[in-house]
Structures are given as structure tokens and as C-alpha cells.
Amino acid sequence: MKFFIDTADTAEIQDLAPTGMVDGVTTNPSLIAKSGRDFLQVIAEICEIVPGPVSAEVAATDAEGMLREGKRLCEIAPNVAVKVPLTWDGLKACRALADEGRMVNVTLCFTANQALLAAKAGAAFISPFVGRLDDIGLDGLELISDIREIYDNYEFDTEILAASVRHVGHVMECAKIGADVATIPPSTLKKLADHPLTDKGLEAFLKDWAATGQTILKSGA
Ligand code: G3P
């Protein structure tokens, strides 16, 4: 499973990149607004830090405008993935951008039928929003499972990019279902390594090791 991180905070990305756990980055207009920074500059900086796909979302709502904005975003760096909403205009723009060999991430997906349309439009990624479905009492993970089944039936190349991931349980369940990617908030990514028994066990190992009075590296090594 690939991990993308869902943020426009370049400091967070700089901090996590050395772990080797950052296979890409997703941003959206809300995350860009939260950063308080210039959109094109932030995307350029992120593309410098992370060689993998970096999603940058268009603001236009008409196909022609999305196409123009998408091409401008692609000029920033070769690893930009143009993010378009799952509307008919977004699907038209996706088809045109994909036909030019550009990476497209179709976002704001909430049904398997929408995901089917995105795959047929040549999307590189589909972003089903798991958490926002859970928020309204539906089962976001069931959507991931339905999309996985449909995409496997037709061997679509579109990658399932599980989005709106709210906790480590979402990451595990998406991995069990077989989502290709999960885009994860930095704080949730960091929690993937956490377990109290790990901490407790390490503390006990270190205490017992200290009692041996030994060192692995001899003095001066
Ligand atoms: O960036 C797309 C998606 O991850 C947004 O998540 O938490 O705002 O529903 P959220």
C-alpha cells in the first residue's frame, strides 16, 4: 500500500519524508487555505521534497477552465497530479488531461458508480472520501470494497486512493480491502507505529540491558 500524506504543511512533509513512508502528497483548497501560503509556491516546494505524485486541485468548475488550470499546474513539476472534482465537467477535463498523458486524481468520490466513471475517464487515481461517509452514518469502507471489486472485474489501471482517512483503523481496513493508496493526515500516519506494549517492552529491555553493564560499542569506537 502506498502512503500519501494529506497536508499542505511543508514542515510536516519535510519532517516525515526521511522516514521513507511518504510515497506522495495530496492537497485540496481547504488545506491550501489552512497553510496561508501561495498555492503554486507550496506545490512547487512539496514537489521538490517528495518525488512521488503531488495532488494539486483546480478551482475552476467548467471543463475548459479545469483544463487550462490543470495544464498550468502540470508546468510546476512532472510529479504534479491534477485534482478535479467528480462532476461531468471534471470527468471531461480528466479525459482530456489523461489523453495528454497527465496524471489526474478525481476527488470527492462518494459512490462506486462515480468511481466507475472516473476509471472510464482515464483517472490515475480515484479519491473516495471514507471519513465523510462515516460522518453521515454510512460505511465509507464499504465504498472502498465496492470500488476494489469493480476495478478488479475490469482490470482498470486507476488506483484507489482512500481519502478522508480519520484514524489508524481506516488505514488497516483499507489495506485489508486492497486500496492502492491511503492519503493520511501526518498525525494519523505517526500513530501507525504506536502501541503501549511496544513502549513498555522497550522500557523493560533497556532496564535489563542496563543491568548487564555492557555496551555494544566499545569506548572510543
Ligand atoms: O484531501 C481529501 C480528503 O483527504 C479530505 O479529508 O478529513 O477533510 O474529509 P477530510
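Here is a short chat about the predicted model shown above.

Q: Before we start, what kind of model is this and which residues count for local features?
A: The model is predicted, so to speak of local features pLDDT must be at least 70, side-chain atom pairs count only at pLDDT 80 or more, and totals for chains, interfaces and linings use all residues. Residues are numbered from 1 along each chain as its sequence is written, and side-chain values use heavy atoms, leaving out hydrogens and water.

Q: OK, how many helices and strands does the protein have?
A: There are 11 helices and 8 strands; these are DSSP runs numbered from the N terminus, H or I of at least four residues for helices and E of at least two for strands.

Q: And how much of it is buried?
A: Of the 221 residues, 44% count as buried, meaning under 20% relative accessible area with a 1.4 Å probe and protein chains only.

Q: Switching to strands, which way do the β7 side chains point?
A: From β7 (residues 159–162), Glu159 and Leu161 point one way, Ile160 and Ala162 the other, and all are buried. In a regular strand the side chains alternate between the two faces of the sheet.

Q: Which strands pair with β7?
A: β6 (residues 125–128) pairs with β7 in the parallel sense over 2 bridges, and β7 pairs with β8 (residues 181–184) in the parallel sense, also over 2 bridges. Pairing here needs at least two DSSP bridges between the strands. Ala162 has Ala182 in β8 as its bridge partner.

Q: How does the chain cross from β7 to β8?
A: It goes through helix α9 (residues 168–177), in a right-handed β-α-β crossover. Right-handed means that, with the strands pointing away from the viewer, the path from the first strand over the helix to the second runs clockwise.

Q: New topic: what's the volume of the largest pocket, and what lies nearest its centre?
A: The volume is about 260 Å³, as the space filled by probe spheres set on grid points joined across faces, edges and corners. Its lining has 17 residues, with Asp6, Asn28, Leu31, Arg132 and Ser164 nearest the centre. A pocket is an open set of points on a 1 Å grid over the protein atoms alone where a 1.4 Å probe fits, with protein on both sides within 12 Å along at least five of seven lines; lining residues have an atom within 4 Å of a point.

Q: And the second largest pocket, which element gives the most to its lining?
A: That's α2, with 3 residues. The second largest pocket holds about 210 Å³, and its lining includes Asp6 and Leu31.

How values were computed:
Buried < 20%, exposed > 50% of the residue type's maximum accessible area, 1.4 Å probe, protein only.
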